[in-house]
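Here are my notes on this two-chain model. Please read them with the coordinates open.

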Amino acid sequence: MIISLTVNGEVRDVAVEPHYLLSDVLRDRLDLTATHVGCEQGICGACTVLVDGQSARACLLFAVQMEGHAVTTLEGGAPSAELRALRAAFHTHHAQQCGFCTPGILMTFAAYLRDHPDCDEAGVRAVLGGNLCRCTGYGPIVRAIMAASAALREVADV
Amino acid sequence: MKPAPFSYHRLQTVAELVGLKARLGDAAVILAGGQSLVPMLTLRLSRPEHVIDVNDIVEMDHILPEQDGLRIGALVRHQHVAESAVVATHLPLLRRMAGGIGNYAVRQRGTIGGSLVLADPAAHMPLAALLFDARLVLRSARGVRTAAYRDLYRSPLNCALDAGEVVVSVCFPRQPEAMRAVAEMFHVTAGSFPALICAVRLVADAQGGLAGLTIVVAAGAVRPPVMEGMFDDLRGVRPDAALRGEVARRVVAHMGGLIGQDAAGRYLLSVLEGRMAVCLAGAAGDTKEGAGA
């Protein structure tokens, strides 16, 4: 069947079967390989994308379900202020090593920081529990997210 | 692994859903949030011929305070419950428990109806529905009925809906003013199902004695027991430290009989003992958390 997907603001027609996972269709059919596939059971968080602006596991969605919804991946056309702040802070704080988990974390917190501009470290740590990282020990990631959050507040105050 | 092929149906109304479910019967599974179903399909633990996607059925997505309680549509996402001011007013414990489910991304998709029908023995929503004696509103081609979740939830992963029935909403009964409910969730790792949840619902009489006590514990792979009648002899007694100790002893003994006394069981029981003390103190009003948690 041919479905019409809105990914990163672009409408793309793609041939799929109903049982194709969104994560596979993004990577294999649309060549959007920033969405990483780890556990494929919803545990690791590497495949997190935004669906209608909210974080969701791409491996727990069928592509066919996404007709009529907006999917955003890390490649997303115009990055949001949150994503730009997170990227800069991840650089500054060396918040990635192998990089496998990074896209999922960036997408998760792009939505979380937008919805929780006054978040605290406990809240960030609780949300980060949904994304496995096997390199960093999480410390630099938490510091980067807190720095991004602070930077966003500074911009908002000006 | 990848899911096996299936036919996909995306519906817009409950009427369509009921009609299609009547026609397809057990060959069809309902896809709501998909946070448990899709992994089961991916692992091929389940290989349905048909998948019915109900995510567009907006008539099942509502939180409504009603005369006799709080009605929550089957399609309401956990994060919606966790952030709902209405739920916070009527059932603060439910709101807190919803916020402890899985992780942030999972809560954005997972639904209360899906969780209740799946009836995972370690899950938060089934436990809350057991604690507050929630009723499910069920629709089928034969009509509408309501049923107590305590009756439907027979055993782990077995919520006994009749053939062709779908859950439309869940009703949590209005609680008396003098009710306090507290739960403790014990997670071994963040985002996983809790290894243990214990929840206490305590209603005080005018003198501050026990008018009602309900305790539900999820531990081990057993259907969480609803402990209520075993406290009948304690009615009217003030929930002081001595009484709370007695209640905790009874609960731990009861759970010990259900989950076994091997090393893992003994460990869970020791955790339960400590968490019961916290819950009971909260529910008795000995801590500030008791009022709202």
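How many residues of domain 1 of chain B are in contact with residues of domain 2 of chain B? The first point takes this up. Keep in mind throughout that the model is predicted.

1. Domains 1 and 2 of chain B. Here 13 residues of domain 1 of chain B are in contact with 17 residues of domain 2 of chain B. Helix α1 of chain B, residues 14-24, gives the most to the domain 1 side, with six residues. By class, that side has six nonpolar, six polar and one charged residues. The C-alpha centres of these two domains of chain B lie 18 Å apart.

2. Domain bounds in chain B. The domain assignment gives domain 1 as 7-53, domain 2 as 62-173 and domain 3 as 180-288.

3. Helix pair in chain B. Look at α10(B), residues 241-259, and α11(B), residues 263-283. Their axes are 9 Å apart, and the packing angle is about 150 degrees. Angles over 145 degrees count as roughly antiparallel, so α10(B) is roughly antiparallel to α11(B). The crossing of α10(B) and α11(B) is right-handed.

4. Residues between the two helices. On the α10(B) side, the contact is made by B:R244, B:V247, B:A248, B:V251, B:V252, B:M255, B:G256 and B:I259. They meet B:G265, B:L268, B:L269, B:L272, B:E273, B:M276, B:A277, B:L280 and B:A281 in α11(B). By class, the contact of α10(B) with α11(B) has 13 nonpolar, two polar and two charged residues.

5. Chain B against chain A. Between the chains, 21 residues of chain B are in contact with 21 residues of chain A. On the chain B side, β1 (7-10), α2 (37-42) and α6 (104-109) each supply at least two residues. Helix α6(B) gives the most to that side, with five residues. The chain B side divides into eleven nonpolar, eight polar and two charged residues.

6. Domains of chain A. Chain A is divided into domain 1 (2-72) and domain 2 (81-157). Their C-alpha centres lie 22 Å apart. In the contact, 14 residues of domain 1 of chain A meet ten residues of domain 2 of chain A. Strands β3 and β4 of chain A each supply at least two residues of the domain 1 side. The largest share of that side, three residues, comes from β3(A). The domain 1 side divides into six nonpolar, eight polar and no charged residues.

7. Backbone at A:D52. Most residues other than glycine have a negative phi. A:D52 is not a glycine, yet has a positive phi of about 50 degrees. A:D52 sits in the loop between β3 (48-51) and β4 (54-57) of chain A. Is A:D52 exposed, partly exposed or buried? A:D52 counts as partly exposed, because 13 C-beta neighbours lie inside 10 Å.

8. Backbone at A:H94. A:H94 is not a glycine either, and has a positive phi of about 50 degrees. Where is A:H94 placed in chain A? A:H94 is in the loop between α2 (81-92) and α3 (102-115) of chain A. A:H94 has 12 other C-beta atoms within 10 Å, so A:H94 is exposed. The cut-off for exposed is 12 or fewer.

Note on methods
Residues numbered from 1 in each chain as written. Chains lettered and ligands numbered in written order. Predicted model: local features only at pLDDT ≥ 70, side-chain atom pairs only at ≥ 80, totals over all residues. Helix = DSSP H or I, 4+ residues; strand = E, 2+ residues; numbered from the N terminus. Buried ≥ 20, exposed ≤ 12 C-beta atoms within 10 Å, placed from the backbone. Axes fitted to C-alpha atoms, helices over the stretch in contact; angles between N-to-C directions. Parallel < 35°, antiparallel > 145°, perpendicular 65-115°, else oblique. Left-handed = near helix turned anticlockwise from the far one by under 90°. Contact = placed C-beta atoms within 7 Å. Nonpolar A, V, L, I, M, F, W, Y, C, P; charged D, E, K, R; others polar. Domains from an automatic or database assignment.
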